[in-house]
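Here is a brief report on one protein model. Look over the sequence and the structure before reading on.

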Amino acid sequence: MQVQNNLRNKQMSEVFFEVHSDLPREGPGDNESTKKAYAMLKGLPEKPRILDIGCGPGMQTVALAKLSNGEIYAVDNHQPFLEQLKKTAEKKGVTDKITVVNGDMKALDYEDGSFDIVWCEGAIFVIGFEKGLKEWKRLVVDNGYLVVSELAWLQPNPPKEIKKFFFKCYPAIKTVKENIETIKQAGYKVINHFVLSKEGWWTHYYTPIEAKLSSMKQKYKDNQDATAYLASEELEINMFRKYSDYYGYVFYIMQKET
(Lines give C-alpha, C1' and ligand atoms only; values in the text may rest on other atoms or scores of the structure.)
Protein backbone atom coordinates (compact mmCIF):
# COMPACT_ATOMS: atom_id res chain seq x y z
CA MET A 1 0.00 0.00 0.00
CA GLN A 2 2.82 2.40 0.92
CA VAL A 3 4.52 1.71 -2.43
CA GLN A 4 1.27 2.46 -4.24
CA ASN A 5 0.84 5.69 -2.26
CA ASN A 6 4.40 6.76 -3.03
CA LEU A 7 3.87 6.05 -6.72
CA ARG A 8 0.62 8.00 -6.68
CA ASN A 9 2.31 10.93 -4.92
CA LYS A 10 5.15 10.88 -7.46
CA GLN A 11 2.67 10.87 -10.34
CA MET A 12 0.72 13.77 -8.81
CA SER A 13 3.93 15.69 -8.28
CA GLU A 14 4.74 15.20 -11.96
CA VAL A 15 1.28 16.41 -12.97
CA PHE A 16 1.59 19.42 -10.65
CA PHE A 17 4.91 20.46 -12.14
CA GLU A 18 3.61 19.88 -15.66
CA VAL A 19 0.89 22.43 -14.92
CA HIS A 20 3.30 24.79 -13.19
CA SER A 21 6.34 24.48 -15.47
CA ASP A 22 7.41 27.39 -17.67
CA LEU A 23 5.08 29.88 -16.02
CA PRO A 24 6.28 33.48 -15.61
CA ARG A 25 5.48 33.20 -11.89
CA GLU A 26 4.61 30.50 -9.37
CA GLY A 27 1.94 32.60 -7.71
CA PRO A 28 -0.01 35.83 -8.11
CA GLY A 29 2.04 39.00 -8.53
CA ASP A 30 3.54 41.39 -11.05
CA ASN A 31 6.50 43.70 -11.51
CA GLU A 32 4.36 46.72 -10.68
CA SER A 33 3.64 45.44 -7.19
CA THR A 34 7.27 44.46 -6.64
CA LYS A 35 8.34 47.96 -7.65
CA LYS A 36 5.67 49.58 -5.46
CA ALA A 37 6.75 47.58 -2.41
CA TYR A 38 10.44 48.21 -2.98
CA ALA A 39 9.88 51.96 -3.27
CA MET A 40 8.59 51.95 0.32
CA LEU A 41 11.98 50.87 1.69
CA LYS A 42 14.01 53.84 2.91
CA GLY A 43 17.61 54.26 4.03
CA LEU A 44 18.99 51.26 2.18
CA PRO A 45 22.70 50.89 1.39
CA GLU A 46 23.81 51.54 -2.18
CA LYS A 47 23.96 47.82 -2.93
CA PRO A 48 21.68 46.02 -0.48
CA ARG A 49 21.97 42.30 0.25
CA ILE A 50 18.62 40.68 -0.48
CA LEU A 51 17.32 37.18 0.26
CA ASP A 52 14.42 36.16 -2.00
CA ILE A 53 12.76 33.16 -0.32
CA GLY A 54 10.65 30.76 -2.39
CA CYS A 55 11.69 32.60 -5.53
CA GLY A 56 10.17 30.14 -8.02
CA PRO A 57 11.12 31.06 -11.60
CA GLY A 58 12.12 34.47 -10.30
CA MET A 59 10.19 37.20 -12.08
CA GLN A 60 10.36 39.31 -8.91
CA THR A 61 14.03 38.34 -8.40
CA VAL A 62 14.99 39.88 -11.73
CA ALA A 63 12.86 42.93 -10.97
CA LEU A 64 14.61 43.34 -7.61
CA ALA A 65 18.01 43.06 -9.28
CA LYS A 66 17.11 45.94 -11.58
CA LEU A 67 15.49 48.04 -8.86
CA SER A 68 18.17 47.62 -6.21
CA ASN A 69 21.48 47.12 -7.98
CA GLY A 70 22.06 44.84 -5.01
CA GLU A 71 23.32 41.33 -4.32
CA ILE A 72 20.46 38.83 -4.35
CA TYR A 73 20.32 35.25 -3.09
CA ALA A 74 17.33 33.49 -4.65
CA VAL A 75 16.24 30.37 -2.76
CA ASP A 76 13.89 27.63 -3.96
CA ASN A 77 13.80 23.84 -3.53
CA HIS A 78 12.77 23.03 -7.11
CA GLN A 79 15.80 23.06 -9.39
CA PRO A 80 13.87 23.53 -12.68
CA PHE A 81 12.55 26.86 -11.35
CA LEU A 82 16.10 27.93 -10.55
CA GLU A 83 17.27 26.94 -14.04
CA GLN A 84 14.45 29.03 -15.50
CA LEU A 85 15.57 31.95 -13.33
CA LYS A 86 19.16 31.58 -14.53
CA LYS A 87 18.04 31.80 -18.16
CA THR A 88 15.85 34.84 -17.48
CA ALA A 89 18.62 36.58 -15.54
CA GLU A 90 21.04 36.02 -18.42
CA LYS A 91 18.52 37.35 -20.92
CA LYS A 92 17.88 40.44 -18.78
CA GLY A 93 21.57 41.07 -18.10
CA VAL A 94 21.49 40.64 -14.31
CA THR A 95 23.28 37.31 -13.89
CA ASP A 96 26.09 38.93 -11.92
CA LYS A 97 23.63 40.22 -9.31
CA ILE A 98 21.79 36.94 -8.59
CA THR A 99 23.00 33.79 -6.85
CA VAL A 100 20.53 30.90 -7.09
CA VAL A 101 20.38 28.50 -4.16
CA ASN A 102 18.58 25.17 -3.98
CA GLY A 103 17.46 25.29 -0.38
CA ASP A 104 14.66 24.87 2.13
CA MET A 105 12.93 27.97 3.49
CA LYS A 106 12.39 26.07 6.73
CA ALA A 107 16.15 25.58 7.25
CA LEU A 108 17.95 28.66 5.95
CA ASP A 109 21.64 28.38 6.74
CA TYR A 110 22.68 32.03 6.92
CA GLU A 111 24.21 33.96 9.78
CA ASP A 112 22.13 36.42 11.80
CA GLY A 113 21.91 39.86 10.22
CA SER A 114 23.05 38.65 6.79
CA PHE A 115 20.55 40.66 4.76
CA ASP A 116 19.29 44.22 4.43
CA ILE A 117 16.05 42.87 2.95
CA VAL A 118 14.31 39.52 3.17
CA TRP A 119 11.68 39.18 0.44
CA CYS A 120 9.00 36.53 -0.11
CA GLU A 121 6.21 36.90 -2.65
CA GLY A 122 3.36 34.43 -2.28
CA ALA A 123 5.35 31.66 -0.59
CA ILE A 124 5.39 32.32 3.15
CA PHE A 125 2.30 30.08 3.49
CA VAL A 126 4.63 27.09 3.02
CA ILE A 127 6.22 27.68 6.43
CA GLY A 128 3.27 29.57 7.90
CA PHE A 129 2.84 33.33 8.16
CA GLU A 130 3.62 33.74 11.85
CA LYS A 131 6.41 31.16 11.86
CA GLY A 132 8.06 32.73 8.83
CA LEU A 133 8.00 36.19 10.40
CA LYS A 134 9.62 34.87 13.57
CA GLU A 135 12.20 32.53 12.03
CA TRP A 136 13.35 34.90 9.29
CA LYS A 137 13.68 37.90 11.61
CA ARG A 138 17.16 36.90 12.72
CA LEU A 139 18.37 37.07 9.10
CA VAL A 140 17.54 40.78 8.82
CA VAL A 141 19.97 43.48 9.93
CA ASP A 142 18.79 45.91 12.61
CA ASN A 143 16.36 48.36 10.98
CA GLY A 144 16.33 46.17 7.87
CA TYR A 145 13.17 45.06 6.10
CA LEU A 146 10.98 42.03 5.55
CA VAL A 147 8.55 42.17 2.64
CA VAL A 148 6.01 39.39 2.11
CA SER A 149 2.74 38.85 0.28
CA GLU A 150 0.11 36.66 1.89
CA LEU A 151 -3.50 35.68 1.31
CA ALA A 152 -6.08 37.55 3.37
CA TRP A 153 -9.78 38.17 3.62
CA LEU A 154 -10.52 41.63 2.23
CA GLN A 155 -14.12 41.91 3.39
CA PRO A 156 -16.07 40.68 6.42
CA ASN A 157 -18.61 37.90 6.08
CA PRO A 158 -17.46 36.20 2.86
CA PRO A 159 -20.02 33.89 1.20
CA LYS A 160 -20.28 30.33 2.47
CA GLU A 161 -18.96 28.78 -0.73
CA ILE A 162 -15.62 30.57 -0.62
CA LYS A 163 -15.30 30.13 3.15
CA LYS A 164 -15.79 26.38 2.67
CA PHE A 165 -13.21 26.36 -0.13
CA PHE A 166 -10.55 27.98 2.03
CA PHE A 167 -11.45 25.86 5.05
CA LYS A 168 -10.32 22.89 2.94
CA CYS A 169 -7.35 24.34 1.04
CA TYR A 170 -5.96 27.09 3.30
CA PRO A 171 -7.65 27.28 6.70
CA ALA A 172 -4.87 29.58 7.98
CA ILE A 173 -6.19 32.54 5.97
CA LYS A 174 -6.74 35.61 8.18
CA THR A 175 -7.99 39.16 7.80
CA VAL A 176 -5.59 41.98 6.96
CA LYS A 177 -6.06 43.37 10.47
CA GLU A 178 -5.18 40.02 12.03
CA ASN A 179 -2.05 39.71 9.91
CA ILE A 180 -0.92 43.21 10.84
CA GLU A 181 -1.33 42.37 14.52
CA THR A 182 0.75 39.21 13.98
CA ILE A 183 3.47 41.34 12.37
CA LYS A 184 3.56 43.69 15.35
CA GLN A 185 3.61 40.83 17.84
CA ALA A 186 6.62 39.38 15.98
CA GLY A 187 8.59 42.57 16.64
CA TYR A 188 8.29 44.49 13.40
CA LYS A 189 7.14 48.00 12.61
CA VAL A 190 4.50 48.00 9.86
CA ILE A 191 5.65 50.45 7.19
CA ASN A 192 2.75 49.94 4.80
CA HIS A 193 0.56 47.35 3.12
CA PHE A 194 -1.45 47.15 -0.08
CA VAL A 195 -3.62 44.67 -1.98
CA LEU A 196 -2.30 43.06 -5.15
CA SER A 197 -4.41 44.00 -8.17
CA LYS A 198 -6.70 41.38 -9.69
CA GLU A 199 -4.68 41.62 -12.90
CA GLY A 200 -1.70 40.42 -10.86
CA TRP A 201 -3.47 37.09 -10.40
CA TRP A 202 -4.35 36.63 -14.04
CA THR A 203 -1.63 37.90 -16.38
CA HIS A 204 1.36 35.85 -15.25
CA TYR A 205 -0.35 33.07 -13.29
CA TYR A 206 -3.95 31.99 -13.77
CA THR A 207 -4.19 32.82 -17.48
CA PRO A 208 -1.18 30.68 -18.51
CA ILE A 209 -2.33 27.87 -16.21
CA GLU A 210 -5.84 27.97 -17.64
CA ALA A 211 -4.37 27.76 -21.15
CA LYS A 212 -2.82 24.37 -20.26
CA LEU A 213 -5.80 22.71 -18.60
CA SER A 214 -7.86 21.74 -21.64
CA SER A 215 -5.11 19.73 -23.34
CA MET A 216 -3.97 18.23 -20.03
CA LYS A 217 -7.48 17.06 -19.17
CA GLN A 218 -7.56 15.26 -22.51
CA LYS A 219 -4.08 13.80 -21.94
CA TYR A 220 -4.98 12.46 -18.48
CA LYS A 221 -8.63 11.58 -19.09
CA ASP A 222 -8.06 7.95 -18.05
CA ASN A 223 -6.11 8.85 -14.91
CA GLN A 224 -8.58 9.44 -12.10
CA ASP A 225 -6.09 11.06 -9.72
CA ALA A 226 -4.70 13.41 -12.35
CA THR A 227 -8.20 14.34 -13.48
CA ALA A 228 -9.15 15.18 -9.90
CA TYR A 229 -6.03 17.32 -9.48
CA LEU A 230 -6.69 19.23 -12.70
CA ALA A 231 -10.27 19.81 -11.55
CA SER A 232 -8.91 21.32 -8.33
CA GLU A 233 -6.78 23.75 -10.33
CA GLU A 234 -9.83 24.71 -12.37
CA LEU A 235 -11.92 25.14 -9.21
CA GLU A 236 -9.33 27.45 -7.65
CA ILE A 237 -9.36 29.67 -10.73
CA ASN A 238 -13.15 29.74 -10.85
CA MET A 239 -13.35 30.62 -7.16
CA PHE A 240 -11.17 33.67 -7.79
CA ARG A 241 -13.22 34.59 -10.85
CA LYS A 242 -16.35 34.51 -8.72
CA TYR A 243 -15.17 35.81 -5.33
CA SER A 244 -12.08 37.97 -5.89
CA ASP A 245 -13.73 40.92 -4.13
CA TYR A 246 -13.56 38.97 -0.88
CA TYR A 247 -9.94 37.82 -0.74
CA GLY A 248 -6.58 38.58 -2.26
CA TYR A 249 -2.86 38.74 -1.79
CA VAL A 250 -1.69 41.57 0.42
CA PHE A 251 1.84 42.95 0.46
CA TYR A 252 3.14 43.72 3.94
CA ILE A 253 6.20 45.96 4.20
CA MET A 254 7.74 45.78 7.66
CA GLN A 255 10.91 46.93 9.41
CA LYS A 256 12.78 45.00 12.08
CA GLU A 257 12.57 46.86 15.35
CA THR A 258 15.64 46.99 17.55
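How do the residues of the lining of the second largest pocket divide into nonpolar, polar and charged? Five are nonpolar, three polar and four charged. The model is predicted.

**Pockets**

The lining of the second largest pocket includes P24, N31, P57 and K92. Two elements, α3 and α4 (79-92), each give two or more residues to this lining. Helix α4 gives the most, with five residues.

The largest pocket is lined by 46 residues. F16, E26, G122, F125 and V126 lie nearest its centre. Among the elements that give two or more residues to this lining are α1 (2-20), α6 (160-169) and β8 (247-256). The most come from α9, with five residues.

**Cores**

The largest nonpolar core has 51 residues. Within this core, I98, W119, F166 and Y247 touch the most other members. Helix α9 (residues 224-243) gives the most to the core, with seven residues. A second, separate core has 29 residues, including M105, I124, V176 and Y252. Not counting residues up to four places away in sequence, Y247 touches several residues, among them W153, F166, W201, M239 and F240.

**A loop lysine**

K137 lies in the loop between α5 (129-136) and β5 (140-153). Leaving aside neighbours within four places in sequence, K137 is in contact with A186, G187, Y188 and K256. A polar atom of the K137 side chain lies 3.5 Å from the backbone oxygen of G187.

Technical notes: Residues numbered from 1 in each chain as written. Predicted model: local features only at pLDDT ≥ 70, side-chain atom pairs only at ≥ 80, totals over all residues. Heavy atoms only, no water. Helix = DSSP H or I, 4+ residues; strand = E, 2+ residues; numbered from the N terminus. Contact = heavy atoms within 4.5 Å. Polar contact = N/O pair within 3.5 Å; in protein donor to acceptor, adjacent residues only side chain to side chain. Core = buried A, V, L, I, M, F, W, Y, C linked by side-chain atoms within 4.5 Å. Buried < 20%, exposed > 50% of the residue type's maximum accessible area, 1.4 Å probe, protein only. 1 Å grid on protein atoms, 1.4 Å probe; cavity = no way out; pocket = protein on both sides within 12 Å on 5 of 7 lines; lining within 4 Å. Nonpolar A, V, L, I, M, F, W, Y, C, P; charged D, E, K, R; others polar.
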